[in-house]
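This note is a set of numbered comments prepared for a colleague. Please read the points alongside the coordinates.

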Amino acid sequence: MADQKDNIDDFKVQTAKHSNMSSAPLRPHSEHSKDRASKRLSSDSNGTSEGGMGSSTPVELTALEEAFRRFAIHGDTRATGKDLHGKNWSKLCKDCTVIDGKNITLTDVDIVFSKVKKKSSRTITFDEFKVALGELARKKYKEKTTEDAEAEVFKLIEGKTPVIAGVTRAVASPTVSRLTDTSKFTGSHKERFDPTGRGKGKAGRVDIVDTSGYVSGYKHQGSYEKKVTKPTDAKPM
């Protein structure tokens, strides 16, 4: 009898355990999928991959690299901003006052560009760009150390954007001014403009016949019509 009682007690304990496990709510499969998706997006935004060894966070562009990319895409809709061609390299050095006309000239800039770029390439990468700036920095700031000179040149470029030139102004020419000055016109050309220089239009090109009925030079033209149409005062009876 004692053995039978022990078996009954064991059965009750096992039943209680299974009932507690079954009472726990089960999460639907869709919630597990959402968790995995959110975890993957979080890892992608941080530059990591789920289950990968180590992690790499995205590096923000420095002010120098931002300036490099702005000049790299200037004037070229197909440019990616990852490399810089010679024309925009020269513009960068000019707009950022790296060229001073004394220690650094346009010729120096062209020579350094040809020196740092690959022989088969027409552009330079960002790393080659920094090497080129180091070459110019040592020549521009001879009295400074290499590190200080590079830092000074970097400051000239950081955060800068290409300078867009304005509309070219017309240069006044004595010949053009003489040809467009109506006060100096003679002959039939003079008749085409009034004293203020404004064109008369057809009246300056064609002789228009006067059909008003008045003699040429008559000063009181139109006075008769005014007298006829003028209302008369009624006289008292």
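1. Basis of the note. The model is predicted: local features require pLDDT of at least 70 and side-chain atom pairs count only at pLDDT 80 or more, whereas totals for chains, interfaces and linings use all residues. Residues are numbered from 1 along each chain as its sequence is written, and side-chain values rest on heavy atoms, with hydrogens and water left out.

2. Overall make-up. The chain has nine helices and two strands, where helices (H or I, at least four residues) and strands (E, at least two) are DSSP runs numbered from the N terminus. In sequence order the pattern reads α-α-α-β-α-α-β-α-α-α-α. Of its 237 residues, 17% count as buried, the term standing for under 20% relative accessible area, with exposed over 50% and partly exposed in between (1.4 Å probe, protein chains only). Among contacts with a separation of 6 or more, 46% come from residues 24 or more positions apart; contact means heavy atoms within 4.5 Å.

3. Helix H3 against helix H4. Two packed helices are described by the angle between their axes and the distance between the axes. Helix H3 (residues 63-72) packs on H4 at about 125°, with the axes 9 Å apart; axes are lines fitted to C-alpha atoms, for helices over the stretch in contact, and angles run from 0 to 180 degrees between N-to-C directions. H3 and H4 are therefore oblique to each other, given that angles under 35 degrees count as roughly parallel, over 145 as roughly antiparallel, 65 to 115 as roughly perpendicular and the rest as oblique. The crossing of H3 past H4 is right-handed, that is, the near helix is turned clockwise from the far one by less than a right angle, anticlockwise being left-handed.

4. Residues joining H3 and H4. On the H3 side, Ala67, Phe71 and Ala72 meet Asn88, Lys91, Leu92 and Asp95 of H4. By class, this contact has four nonpolar, one polar and two charged residues (Ala, Val, Leu, Ile, Met, Phe, Trp, Tyr, Cys and Pro count as nonpolar, Asp, Glu, Lys and Arg as charged, and the others, Gly among them, as polar).

5. Lys91. This residue of H4 is in contact with Phe71, His74, Pro162 and Val163, leaving aside neighbours within four places in sequence.

6. Helix H4 against helix H5. The axes of H4 (residues 86-95) and H5 (residues 106-116) come within 10 Å and cross at roughly 135°. That angle makes H4 oblique to H5, and H4 passes H5 in a right-handed crossing. Gly86, Trp89, Ser90 and Cys93 in H4 meet Leu106, Val109, Asp110 and Phe113 in H5. The classes in this contact are five nonpolar, two polar and one charged.

7. Ser90. Beyond neighbours within four places in sequence, Ser90 is in contact with Ile99, Leu106, Val109 and Asp110.

8. Thr97. In the loop between H4 and H5, Thr97 has a phi near 60°, a positive value in a residue other than glycine. Thr97 is partly exposed, with a relative accessible area of 45%.
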